Protein chains: 2
Amino acid sequence: MFITHGHLDHIGGIPYVIDRIGYPPIFTRRLTAIMIKKRQEEFPHLKPLDIHEVEKEDTIKAGNTRVRFFSVTHTIPDAMGIIIETPYGDLVFTGDLKLDHVDGVPTAEEEKEFAIFKDRKILFLAADSTNVEKAGFSIPESTVKKNMDEIIATTPGRLIIGTFSSQLERLMRMVEQAEKVGRKVLVEGRSMKVNLEIVRHLGLLKVNDKTFIGAESLESLPDSKVLILATGAQGDEFAALMRIAVKTHKHVKIKKNDTIVLSSSIVPGNERSVQKLKDNLSRQGARIIHRDQMDVHASGHANRDETFWIHQKINPRFFMPLHGYHYMLRVHADIAKACGRQENEIVVPDNGAVIEIQDEGQKIVRLKEMAPNSLRLVDGFAIGDMQEVVIRDRTVLAAEGMFVIIATVNPKTGRLRKSPDIISRGFVYLRESQDLLQQARIIIKKTIEDTTKGMQPVNFDYVKNNVTDAVARFLFEKTNKRPIVIPVVLGV
Amino acid sequence: MFITHGHLDHIGGIPYVIDRIGYPPIFTRRLTAIMIKKRQEEFPHLKPLDIHEVEKEDTIKAGNTRVRFFSVTHTIPDAMGIIIETPYGDLVFTGDLKLDHVDGVPTAEEEKEFAIFKDRKILFLAADSTNVEKAGFSIPESTVKKNMDEIIATTPGRLIIGTFSSQLERLMRMVEQAEKVGRKVLVEGRSMKVNLEIVRHLGLLKVNDKTFIGAESLESLPDSKVLILATGAQGDEFAALMRIAVKTHKHVKIKKNDTIVLSSSIVPGNERSVQKLKDNLSRQGARIIHRDQMDVHASGHANRDETFWIHQKINPRFFMPLHGYHYMLRVHADIAKACGRQENEIVVPDNGAVIEIQDEGQKIVRLKEMAPNSLRLVDGFAIGDMQEVVIRDRTVLAAEGMFVIIATVNPKTGRLRKSPDIISRGFVYLRESQDLLQQARIIIKKTIEDTTKGMQPVNFDYVKNNVTDAVARFLFEKTNKRPIVIPVVLGV
């Protein structure tokens with residue numbers, strides 16, 4: 001198993017699959033290796049991992065196959081691409097990447113790194129599609145760093161920066177700049193603390209211990225000497241920044257002249273919670289700087305023109321777009337065509353697709369067979385296939401609630417021993433629905449006794465079906481809702 | 001009640017509040033009036049509405065107060081702003097609006113419409129904040145119409161356009177253009193059909209009956225002569241376009257050379273479903289044109305520079321931003337400051353805020369009192385306050401499921417009559433959890449019988465509490481989940 005970099009969308013699944021695939025050796029670079037090990041500590045029931053640290057100059061033998069690496073620019077140190085050598089040419093996987101550039105001209109370092117493909121025969125490329133829909137070149141991280149440097153140096157009052165804990169390169173730079181201009185740094189958010197500890201431990205971040213402060217020191221420092229780094233720029237309910245915004249954070253309260261920088265993008269699906277975050281912060285009078293106003297965030301993925309440049313440098317015979325929704329893969333395939341690939345030299349995959357290069361490297365084919373693939377559901381301690389019936393019940397319970405009927409029936413007479421009990425949750429507000437419940441009890445009693453009349457012995461399954469139908473119909477007529485109706489009919 | 005225009009976010013709430021506020025007369029323009037009446041038909045239990053059609057030149061007396069109107073540019077005909085005359089100056093409400101303009105220069109019509117404020121004393125302005133975070137001027141609808149005209153005229157194969165049924169001006173134009181270039185129009189989506197019927201009935205859209213076709217005619221026409229207008233550009237599961245995308249639509253199947261235009265924005269919260277829509281359409285080989293590639297959609301709300309222009313034309317003494325999340329209101333307040341308003345001449349409201357202009361128009365104040373305001377929950381037939389307990393139960397049921405225990409106890413001995421029954425939904429996959437259920441039964445039996453030992457008479461509430469605690473603890477230990485545990489303990 002080869003891992004390109006330490007972001008959670010690339011390492012987070014390891015504990016959920018490693019035991020199912022027989023604990024293969026894992027090859028990756030130093031920081032990634034440590035992040036994988038750190039995460040593994042949360043899964044004490046698993047066996048230790050067999051992790052091998054590699055450097056980008058290394059060559060690994062996997063069976064008869066030689067595997068090499070190359071360094072790529074991303075938003076975390078030690079990101080790399082992977083090269084698998086075959087008799088018919090190299091297979092190249094970029095991993096997540098962007099290019100370091102100045103006004104659309106890649107830097108000398110990028111030129112040098114991508115020069116390794118120049119005199120090689122590249123049989124196949126699989127590359128990052130995340131931002132291929134975006135025109136031009138991505139904002140270079142250097143621009144963001146310059147802006148953040150200036151904000152940290154010149155903001156008059158207290159400064160709170162919300163960002164991803166995985167934006168490690170930027171986080172490191174912000175801490176260094178804070179130290180340089182004499183701001184003390186309070187880190188709020190466990191994952192951010194852990195990640196900063198790791199890079200300090202590795203010597204990637206060299207700052208003085210005294211640059212970091214605890215929450216108890218906040219009040220003793222002038223506002224202009226404080227930088228708070230916080231997780232939760234996505235509006236996650238329990239992350240530091242949201243707790244600060246909704247006034248449930250133990251130590252940090254918003255002051256009127258605080259400046260808050262959201263140094264992040266909005267992960268699709270989080271738009272409403274980020275809006276709530278901004279609303280709550282601005283309601284308390286804080287000034288907010290976000291990426292629509294100034295370049296305080298850059299994505300780690302290449303835009304269209306960078307992707308074009310990468311294709312030209314690697315110049316593969318065959319191409320498969322990776323990393324992104326299907327529509328993005330299609331857009332990436334169009335870029336490959338613009339770079340000279342033919343339709344039959346490109347495969348746009350779906351999860352589980354099996355791609356074969358045939359005829360000694362002359363042909364790429366998507367096979368009819370699919371590799372086993374499905375979503376794995378992590379639900380409490382259970383890790384497994386999605387159980388449709390459980391999910392379907394939850395969906396109904398969430399929208400309609402439940403309605404349990406408990407009736408005790410004299411099996412000799414078929415008559416109810418007492419008025420039936422009803423237990424309902426998530427359906428209607430019971431306190432204001434006594435009439436409804438009373439009518440439901442009458443219907444239950446009547447349905448059961450009509451059904452059992454002359455029936456000997458009582459067929460309880462038949463009774464249950466009848467009472468379920470009658471009650472479900474009644475509830476729908478009265479409320480336009482369809483709770484899960486569960487009858488318990490006991491013969492006693 | 002004065003209604004500015006016929007979009008659902010402005011008229012949709014009427015049936016839910018009109019009876020609570022005593023059916024006041026409603027004043028609005030023609031199209032809006034018809035749309036309100038059409039919607040009211042879905043609420044047959046309500047009394048007829050008292051709707052008065054007005055034209056923008058009219059003056060209405062409401063008590064002693066004169067109310068006038070002005071026409072505004074939005075994405076639906078008959079949109080208007082409202083002017084309330086007071087002895088101290090006019091109160092102006094813009095409603096939703098943008099400006100018609102060419103390269104940032106508002107048209108002569110806009111100049112003329114806004115000239116009515118020139119020699120008036122404007123005491124107060126409340127204006128649309130939806131897009132004030134966006135720089136410059138909005139894309140003019142004329143640009144979108146030009147692009148859509150060209151797409152309808154030149155697309156070689158079949159053309160499917162997804163848009164909002166409320167984008168009435170654009171819809172009208174697209175039908176007209178289709179007729180002009182000889183494409184037949186199939187309308188898919190009930191709300192879109194209804195809205196097009198209304199504008200044809202009012203004479204706002206004048207096209208031949210034969211321009212519209214039914215689904216049965218699809219196959220008999222050449223692809224290049226077909227335009228399908230469909231709802232569901234937001235990826236709504238049951239709307240026409242999504243059903244087409246996931247192959248559940250009765251009549252329309254995607255063909256490889258179809259062109260699909262998403263002439264819409266993405267409503268916040270719908271990002272993932274729109275992605276799914278694009279993925280499914282592109283997987284079937286359709287070409288997709290959306291607003292990131294070409295101006296095929298324009299918002300109906302003014303950007304920052306348009307808003308600035310509106311402020312300067314109306315030039316109010318006091319200002320209150322309206323329509324938008326709190327953060328947007330703050331941004332709009334900053335625009336008002338840039339136009340010369342002072343901090344104390346602006347009130348940024350929250351829902352329910354009561355604003356008073358005092359001292360004969362010298363002072364604007366937000367009172368401490370709040371008007372009654374809360375979310376109204378429409379849940380089946382029930383319309384009312386959010387019942388926290390019902391919502392909380394649904395949230396738990398959705399994530400953790402439920403676990404009902406049924407035990408029959410001999411009240412004399414305190415011993416179970418038989419092994420307890422368990423009913424569980426949405427918790428774990430029961431078929432693979434027989435061990436868990438068996439252990440739970442043992443714990444239930446033991447807990448009940450330990451509790452009732454020597455207890456005479458049996459305190460059933462006490463027994464229920466004990467068994468709930470024991471079972472909830474056991475289930476959490478085993479599964480890390482906390483379903484709603486409901487004990488039914490019957491003494492028989």
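In the predicted model, the residue of chain A that comes closest to the rotation axis is A:Ala398, whose C-alpha lies at 2.3 Å from it. Two copies of a chain are related by a rotation about an axis and a shift along it. Here chain A is superposed on chain B by a rotation of 180 degrees, with 0.1 Å of shift along the axis and an RMSD of 0.1 Å. The two copies are therefore related as by a two-fold rotation axis. Both copies use the same surface, since 98% of the contact residues of chain A recur in chain B.

The contact between the chains involves 54 residues of chain A and 53 residues of chain B. Together, chain A and chain B bury about 4700 Å² between them, and 61% of this area is on carbon and sulfur atoms. The polar side of the interface was also examined. Between chain A and chain B, 23 residue pairs are in polar contact, with both residues of each pair at pLDDT 80 or more. By class, the side of chain A that touches chain B consists of 24 nonpolar, 13 polar and 17 charged residues. Six salt bridges are found across the interface of chain A and chain B. A:Glu133 forms a salt bridge with B:Lys278, and the closest N and O atoms of this pair are 3.7 Å apart. Several elements of chain A give two or more residues to the side that touches chain B. The helices among them are α9 (271-283), α11 (326-338), α12 (388-400) and α14 (460-479). The strands are β14 (287-290), β20 (402-409), β21 (421-425) and β22 (484-491).

The secondary structure of chain A as a whole comes to 14 helices and 22 strands. Along the principal axes, the C-alpha atoms of chain A fill a box of roughly 90 × 70 × 45 Å. The radius of gyration of chain A is 30 Å, whereas a compact globule of 492 residues would have a value near 23 Å.

Over all chains, the structure holds 60 salt bridges. One pair within chain A is A:Glu400 with A:Lys481, for which the closest N and O atoms are 4.0 Å apart.

Some details of the backbone remain to be described. Most residues other than glycine have a negative phi, and most peptide bonds are trans. In chain A, the peptide bond from A:Gln456 to A:Pro457 is cis, with omega near 0 degrees. A:Pro457 is found in the loop between α13 (434-452) and α14 of chain A. In chain B, the bond from B:Gln456 to B:Pro457 is cis, and its omega is near 0 degrees. B:Pro457 has its place in the loop between α13 (434-452) and α14 (460-479) of chain B. A positive phi of about 65 degrees is found at B:Asp78, although this residue is not a glycine. The loop that holds B:Asp78 runs between β4 (65-71) and β5 (80-86) of chain B.

Technical notes
Residues numbered from 1 in each chain as written. Chains lettered and ligands numbered in written order. Predicted model: local features only at pLDDT ≥ 70, side-chain atom pairs only at ≥ 80, totals over all residues. Heavy atoms only, no water. Contact = heavy atoms within 4.5 Å. Buried area = accessible area lost by both parts, 1.4 Å probe. Salt bridge = Lys/Arg side-chain N within 4 Å of Asp/Glu carboxyl O. Polar contact = N/O pair within 3.5 Å; in protein donor to acceptor, adjacent residues only side chain to side chain. Helix = DSSP H or I, 4+ residues; strand = E, 2+ residues; numbered from the N terminus. Nonpolar A, V, L, I, M, F, W, Y, C, P; charged D, E, K, R; others polar. Least-squares fit on C-alpha atoms with pLDDT ≥ 70 in both. Rg over C-alpha atoms; globule rule 2.2 N^0.38 Å.
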